[in-house]
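Please read the following note alongside the sequence and the model. The points go from the overall fold to individual residues.

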Amino acid sequence: SNTLTQYNSYGAIGQHTAKFNWLKSKFLIGGAYDFTPAKTKAYKTNILYTNGVYKLTSEEPNNFSTNTETDVQSLGIYAQYDFEPFENLRLQVGLRQDIFTIDYENFLETNDKLKVGKKEYKQLTPKIGATYKINNVNGFYANYSQGFTPPPVSYIFAKRTWFDPAIPGQPNFLYDLDAARFHNAEVGGWLGLFDNKLKLDFSLYQLLGKNEVVSVIQPDGNAQNE
């Protein structure tokens with residue numbers, strides 16, 4: 001088949017920063033919005049294989065094997081505050097709220113439960129950090145932040161092949177796929193040694209991901225994402 005994916009993205013970003021003399025602080029607030037409508041179509045093509053060579057013999061542009069439309073909206077609102085409670089120590093705290101919405105329609109599907117779908121993900125993620133400057137050439141820092149990533153659209157709106165009898169009312173789409181959430185912790189610093197003739201930067205970090213999608217063999221023998 002011949003597949004064509006067409007999409008356009010429309011977005012806007014706004015941000016404002018204010019500085020204050022109190023604790024040498026800085027406050028930042030902002031937001032970002034993105035709207036991406038996408039269409040995916042695939043129609044039948046006929047291929048002839050002769051003596052190790054594939055040759056396109058004909059196309060059937062009105063015989064669709066795929067005809068879907070997906071509207072993806074993403075909204076993120078964030079705020080961050082930096083300040084110095086003590087000399088040479090700077091702290092940073094922040095929050096971000098994300099809302100990710102997907103509207104899906106399959107124009108070839110005759111089953112109303114599989115023809116149209118909608119899924120929304122919401123996530124509040126924090127961020128904290130500290131930087132301590134010993135002098136002009138030595139210092140340390142520590143950060144902790146969280147992030148999240150929704151599953152791919154094709155995973156969410158895949159047709160469920162296995163319905164767990166222990167979970168009543170499971171939807172036909174894989175709406176139970178959670179967004180992956182990540183926890184990142186980092187410590188590090190910079191040093192100037194031998195009268196600053198040798199400069200050393202170092203860091204140690206750990207990134208943990210949860211709810212990442214994996215393919216699991218179900219009791220009926222077929223694989224399904226979880």
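1. In this note, a contact means that heavy atoms lie within 4.5 Å. The model under discussion is predicted. Among contacts in the protein between residues at least 6 apart in sequence, 59% join residues at least 24 apart.

2. How many helices and strands does the secondary structure contain? There are 2 helices and 11 strands. Read from the N terminus, the order of the elements is β-β-β-β-β-α-β-β-α-β-β-β-β.

3. The overall dimensions deserve a remark. The radius of gyration of the protein is 26 Å, whereas a compact globule of 226 residues would have one near 17 Å. The C-alpha trace spans about 75 × 50 × 40 Å along its principal axes. Of the 226 residues, 24% count as buried. The protein exposes about 15200 Å², and carbon and sulfur atoms supply 55% of this area.

4. The nonpolar interior comes next. In soluble globular proteins, nonpolar side chains tend to be buried together. Here the largest nonpolar core has 13 residues, of which Phe100, Ile102, Tyr121, Ile156, Phe157 and Phe173 touch the most other members. Strand β5 (residues 89-106) gives the most to this core, namely 3 residues.

5. Isoleucine 102 shows what surrounds one of these core residues. With neighbours within four places in sequence left aside, isoleucine 102 is in contact with Thr70, Asp71 and Val72, with Gly117, Lys118 and Lys119, and with Val153, Ile156 and Phe157. Two of the partners named here, Ile156 and Phe157, are also listed among the core residues that touch the most other members.

6. The aromatic rings form a further theme, with 9 aromatic pairs in the structure. Tyrosine 10 and phenylalanine 35 have ring centres 6.5 Å apart and planes at 25°, so this pair is stacked, the limit for stacking being under 30 degrees. Tyrosine 10 belongs to strand β2 (residues 10-19) and phenylalanine 35 to strand β3 (residues 26-50), so the pair ties together parts that are 25 residues apart in sequence. Both residues are partly exposed: tyrosine 10 has a relative accessibility of 48%, and phenylalanine 35 has one of 25%.

7. A second pair is formed by phenylalanine 173 and tyrosine 175. Their ring centres are 5.8 Å apart and their planes meet at 50°, so the pair is tilted. Phenylalanine 173 counts as buried because its relative accessibility is 4%, under the cut-off of 20%. Tyrosine 175, with a relative accessible area of 22%, is partly exposed. Ring pairs link Tyr104, Phe157, Phe173 and Tyr175 into a cluster.

8. Charged side chains also lie over rings. Lysine 119 is placed over the face of tyrosine 121, 5.1 Å from the ring centre. In the case of arginine 160, the charged end sits over the ring of phenylalanine 163, at 5.9 Å from its centre.

9. Is threonine 68 buried or exposed? Threonine 68 is buried, because its relative accessible area is 12%. The residue lies in strand β4 (residues 53-86). Not counting residues up to four places away in sequence, threonine 68 touches Ala38, Lys39 and Thr40, together with Tyr104, Glu105, Asn106 and Phe107.

10. Tyrosine 132 is found in strand β6 (residues 116-133). Its relative accessibility of 40% makes tyrosine 132 partly exposed. Beyond the neighbours within four places in sequence, tyrosine 132 is in contact with Glu87, Asn88, Leu89, Gly139, Phe140 and Trp190. The C-alpha atoms of tyrosine 132 and glutamate 84 are 9.8 Å apart, although the two residues are separated by 48 residues along the chain.

11. Most residues other than glycine have a negative phi. Aspartate 195, however, has a positive phi of about 55°. This aspartate 195 lies in the loop between β8 (180-193) and β9 (198-210) and is exposed, at 77% relative accessibility. Asparagine 211 likewise has a positive phi, near 65°. Asparagine 211 is placed in the loop between β9 and β10 (215-217), and its relative accessible area of 46% makes it partly exposed.

Methods. Residues numbered from 1 in each chain as written. Predicted model: local features only at pLDDT ≥ 70, side-chain atom pairs only at ≥ 80, totals over all residues. Heavy atoms only, no water. Core = buried A, V, L, I, M, F, W, Y, C linked by side-chain atoms within 4.5 Å. Buried < 20%, exposed > 50% of the residue type's maximum accessible area, 1.4 Å probe, protein only. Helix = DSSP H or I, 4+ residues; strand = E, 2+ residues; numbered from the N terminus. Phe/Tyr/Trp six-rings, centres within 6.5 Å; stacked < 30°, edge-to-face > 60°. Lys NZ or Arg CZ within 6 Å of the ring centre and 35° of its normal. Rg over C-alpha atoms; globule rule 2.2 N^0.38 Å. Areas by Shrake-Rupley, 256 points an atom, 1.4 Å probe, with all protein chains shown as cover.
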